[in-house]
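Dear colleague,

I am passing on the structure below, together with some notes on its charged side chains. Please look through it before reading on.

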Amino acid sequence: SLVLTSSRYDRWGTESVPAAGAYTFFFERRHLDYPVDTDGISVVVDALTGEVIGYDKQWTTPEYAFSQAVVPTIARHEATYAAIEAARAVYPEQIGSVRILSSELRWNNGQMKGTIPRPGSVPLAWKIVFDDEILRTNASLASRIVWIDIQTGNVTVIEYRH
């Protein structure tokens, strides 16, 4: 299934020569009511004509690849704590400025392009998104991510480099 998760309006033209713009709609793929991290569809619509002028579909994960374990035993607060501890291990001097931006259950289907996932290999996991003082002061740096196993609370992936 798909769920509309966000939309935006981009104005075309300039202050002196205004022009209609375009609406972009982002739809997230869902499997068993949980979002699939990298799969979804975006549609761009001309605001003046209503014509679809752009379409992008990322649908990389076959149904058989999703894990059968979908009942988390690790609560959100436990996953968040594990993420903070993982961040502390990487940059201990930044731990006082770490700010959790989001924490949600998602299918972690991020994989190497061109690979075929094994059956049951895509896990449901806690995706914890965070930043710190260095990341907040440098606009070219994006927030960082820690993936936490829903059964063990172990860190499976940490993306935290300045």
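R88 and E85 lie three residues apart in helix 1 (residues 76-90), so about one helical turn separates them; helices (H or I, at least four residues) and strands (E, at least two) are DSSP runs, numbered from the N terminus. These two residues form a salt bridge whose closest N and O atoms are 3.2 Å apart, the term meaning a side-chain nitrogen of Lys or Arg within 4 Å of a carboxyl oxygen of Asp or Glu. R88 is partly exposed at a relative accessible area of 36%, and E85 is partly exposed at 29%, where buried means under 20% relative accessible area, exposed over 50%, and partly exposed in between (1.4 Å probe, protein chains only).

Please keep in mind that this is a predicted model, in which local features need pLDDT of at least 70 and side-chain atom pairs count only at pLDDT 80 or more, while totals for chains, interfaces and linings use all residues. Residues are numbered from 1 along each chain as its sequence is written, and side-chain values use heavy atoms, with hydrogens and water left out.

Across the whole structure, the search finds 11 salt bridges. One of them joins R106 to E28, at 2.7 Å from N to O, and this pair links distant parts of the chain, with R106 in strand 5 (residues 99-107) and E28 in strand 2 (residues 18-31), 78 residues apart. Both R106 and E28 are buried.

R106 also meets E104 in a salt bridge of 3.0 Å, N to O; R106 has a relative accessible area of 5%, whereas E104 is partly exposed at 32%. A network of salt bridges links E28, R30, D37, E104, R106 and K127.

Best regards
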